[in-house]
Amino acid sequence: MELLEILTVVIGVSILLVLSYYFFTSSREKSMQVITEEKEFNRLTNDITGFFYNRIPVIDKNLAQVLGDYLRWGENSNVFYGKYYGILNAKEIIEIYFNSTFENKWHLETSYNGEKFEFGFETPENMRLRTFIIKLPIPKSLTDGEVLDVKFTQW
Amino acid sequence: MLNSHNGRKAQSSLIVLMAMIGVFLISLILLFFRTESFRSQIIKGSQISRVSKYMDITKGFTRQSSLLSSHAAAYDIADKGGHSVEGTRTWICNKPWDPSVDEVRFFLGQETLEFLNRYVENYDVKDPIIFLNNFTCVNCDVSESTVTTGKNDEKFDIGAFGSDIKVILKEDNVTSKNEFGNEISRVRFWFLYRVFRQWAETTTLPQDICSGLGLICGCPAGMNRCSAHCPSFQIYSEEQIEKARQYLESLFTDPEYIKCTAILDCCVSAHGANTDNINSCISWEDMPCGGCNREEPGTLCGDSILKGEKPKVEPITIKGHTEQNNTRFLKFNVGVTIFWKRPCLCQSKCPNTNCPEDVDCCMRCGANGECEEQCVDDCGNYCVLSDEPRGTITATFTCIDKKYSLSI
């Protein structure tokens, strides 16, 4: 009888331990997932915020400006920035910027005047992709305020 | 006895076991709630952080839009030489008539605001829902002293006010003021303004044109375009405009980037009766080439009211120079209108006359250099006659700065 009681206690405690372990690990996993997701979102949005705010030394232009100028005036990856600066390789500058955070795990694409522009690396299949649509104002004299959707994907 | 002792022992161990399980379950439930609240805190924190990130990116968008709008506005205002109802703004209207810093500031701010709001209106984000409302004011942070000392030669700050951003993400809803300052660098708008202003205030072009009116004395009576009525006055005017252009170009410290051109848009000469009893140049009020162009500025938003009234002249469109340059360089156009009349002053002798110098002078020289009509010297070296030559020119001076290209 005593043995049966001890056995019941042991089984009961074991079940409770297993349940609590499962509960805590799954809950922790969920929390970790939220935290990880948050971390990735922050990494992505920090870079996109920097895309508007960070100015490239010497030429004193931000990347959104370089991308806009490239889409509107670029030829063979280059944009002409006047006699003082000459030609700037816009594509290279944009790629260096995103590579510094996402290495070779990003892709940026947009369309302007019916032409598709792509930067970065090929998007993999069977991987979780994070996509952010950046609203990019496009330069235009006597502007009509054109805003483009730039799709940024990271994995 | 032994059985009852064993039964009590078993009962007490069962009670202990039940108590343990009870404590364990209560702790578990408490922990469950704590963990859940911790998890929901994390989710809530993450949601708030997301809203703030969306806010930052939207602010980045508006800052970028303000930068592009400033470039477009600088290009447009420079092209108009400030602002006028139509055509190019006149900077010399017989005398220096250049716009003040505040006047240009007003139009630059207005134009930037207009362009900026077009970007804002086209901003459409549905997930999360982001509302962005229009700006009410854009102000350029420049002053008479910062412009004249060259502090704004390559950069100036703008401030944009009056907009809000509202981000709605699930049940969270955050509103924030969207007001900021932005440095507009590598735009030499105020540099060109400063040099043009220096030029308008120091050039001798109005006086030079006045000095050339005597040439019209030798032309037939009536009024017509200079090319038909008085080619000598047209040639003279073109020479003076070229001289003024060279002087303008010489004021730029970096000629490798700046190229200036000048075009004589209109030249009309007339020869009529002298009605004014004076012997110097005065304004020819009803001149046919067009008047001086300008537009009254309004009140600077969030700033002092513009002071210093300029002479009012009815705006008339200058026709002619409407060249549209499709490059991304800053092109500053400045209009010049000169309209003089004065009595014929015989200041020179005809080549083939024998009159003694400084005594006799000739009103009209013949084709062979002989004096066709003598005027009597009764006022020193001048002979004031009843004839009155009138001449008017309009010209556009343009300088293109190729140092930096604009984002337009």
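Mentor: Welcome! Residues are numbered from 1 along each chain as its sequence is written, and chains are lettered from A and ligands numbered from 1 in the order in which they are written. As the model is predicted, local features need pLDDT of at least 70 and side-chain atom pairs count only at pLDDT 80 or more, while totals for chains, interfaces and linings use all residues.

Trainee: Why are β5(A) and β6(A) called paired?

Mentor: Two strands (E in DSSP, runs of at least two residues) pair if DSSP finds at least two bridges between them. β5(A) and β6(A) have 6 bridges, in the antiparallel sense, so they are called paired. Within this pair, A:H107 has A:G120 of β6(A) as its bridge partner.

Trainee: What makes β6(A) an edge strand?

Mentor: β6(A) pairs on one side only, and so does β7(A). The open sheet runs in the order β6-β5-β8-β7 in chain A, with antiparallel pairing.

Trainee: Which residues of α2(A) make the contact with α3(A)?

Mentor: On α2(A) they are A:L63, A:V66, A:L67, A:D69 and A:Y70. The partners on α3(A) include A:I93 and A:Y97.

Conventions: Two residues are in contact if their C-beta atoms, placed from the backbone, lie within 7 Å. Helices (H or I, at least four residues) and strands (E, at least two) are DSSP runs, numbered from the N terminus.
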